[in-house]
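User: Can you walk me through this one? I have a few quick questions.
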Amino acid sequence: MSALTSDAQLYEDEFKVERISDPKYDRVDRLYCTSVDGQTSMQLDINKELFPVKVGEYLRIALATSLSLDGSKDDERGWRDAAKLGSVEQTLADSYEYVCHGKVYKFEDGKDGQTIKAYMSYGGLLMALDGPYKKLTPLRVDYVYLLASRNA
């Protein structure tokens, strides 16, 4: 698994990219993915110039409230500023290829009462997770980091 071991970790799973939508925008792809265990589906908009993905690839996806390895609250500088200032402190971002910051903004209950759908926005790039309530229950309306990497 990953370096995410703190209370800051809200969610982590591995997904297979099943389909990529026809591009509506020059730099954005919408990925349609299913978790390896088949319980969760994910739609995710990505900047394909920064993180090109192909159908059939496996992605490790995590959501966290902090990038600090110990789970402590991010300071007011932000993670980009720390990198610019040459900070040598390791963060969760070091373990992933693609990192975005955004907000969980909406939930919908599934028709069966056992599933839930969570919606997130990362500066207009949208994400939807649809899966068992037990797997998604740590999510709440809050600011989160999306962390993604390819799995071999």
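Analyst: A charge counts as sitting over a ring if NZ of Lys or CZ of Arg is within 6 Å of the ring centre and within 35 degrees of the ring normal. By that rule R19 lies over the face of Y32, at 3.9 Å from the ring centre. Keep in mind that this is a predicted model.

User: Which residue lies over the face of Y119?
Analyst: K106 does, at 4.9 Å from the ring centre of Y119.

User: Is Y119 buried or exposed?
Analyst: Y119 is buried, because its relative accessible area is 15% and the cut-off for buried is under 20%.

User: Ok, step back. What order do the strands of the barrel come in?
Analyst: The barrel is closed by eight strands in the order β1-β2-β3-β7-β6-β5-β8-β4, with antiparallel pairing. On average, neighbouring strands of this sheet are turned by 35° against each other, direction ignored.

User: How many bridges join β2 to β3?
Analyst: Seven, between β2 (residues 28-35) and β3, and the two run antiparallel. D29 stands opposite I46 of β3. The hairpin of β2 and β3 has five residues between the strands, and G38 there takes a positive phi near 75°.

User: And the pairing of β3 with β7? How many bridges there?
Analyst: Four, again in the antiparallel sense, with β7 covering residues 125-132.

User: Is β3 mostly covered or open?
Analyst: Mostly covered: β3 spans residues 41-47, and five of its seven residues are buried.

User: Switching to aromatics. How many aromatic pairs are there?
Analyst: The count comes to two aromatic pairs. One is F51 with Y98, which is stacked, at 5.1 Å centre to centre and 15° between the planes. That pair links distant parts of the chain, 47 residues apart: F51 is in the loop between β3 and β4 (58-64), and Y98 is in β5 (residues 98-109).

User: Why do F51 and Y98 count as buried?
Analyst: F51 counts as buried because its relative accessibility is 1%. Y98 counts as buried because its value is 5%.

User: What about Y105 and Y119, how is that pair arranged?
Analyst: Y105 and Y119 are tilted, with 6.2 Å centre to centre and 40° between the planes. This pair also links distant parts of the chain, with Y105 in β5 and Y119 in β6 (residues 115-122), 14 residues apart. Y105 is at 40% relative accessibility, so Y105 counts as partly exposed.

User: How many bridges do β5 and β6 pair over?
Analyst: Six, in the antiparallel sense. D109 is bridged to I116 in β6.

User: Last topic, S149. Where is it, and is it buried or exposed?
Analyst: S149 is in strand β8, residues 142-151. Its relative accessibility is 5%, so S149 counts as buried.

User: What does the side chain of S149 reach?
Analyst: It reaches the backbone nitrogen of E97, at 3.0 Å.

User: Which residues does S149 touch, leaving out those up to four places away in sequence?
Analyst: S149 touches F51, Y58, L59, R60, S95, Y96 and E97. F51 is thus a contact of S149 and also the stacked partner of Y98.

Terms used. Residues are numbered from 1 along each chain as its sequence is written. This is a predicted model: local features need pLDDT of at least 70, side-chain atom pairs count only at pLDDT 80 or more; totals for chains, interfaces and linings use all residues. Side-chain values use heavy atoms; hydrogens and water are left out. Buried means under 20% relative accessible area, exposed over 50%, partly exposed in between (1.4 Å probe, protein chains only). A polar contact is a pair of N or O atoms within 3.5 Å; within protein, one must be able to donate a hydrogen and the other to accept it, and residues adjacent in sequence count only if both atoms are side-chain atoms. Contact means heavy atoms within 4.5 Å. Two strands pair if DSSP finds at least two bridges between them. Rings of Phe, Tyr and Trp (its six-membered ring) pair if their centres lie within 6.5 Å; planes under 30 degrees apart count as stacked, over 60 as edge-to-face and the rest as tilted. Axes are lines fitted to C-alpha atoms, for helices over the stretch in contact, and angles run from 0 to 180 degrees between N-to-C directions.
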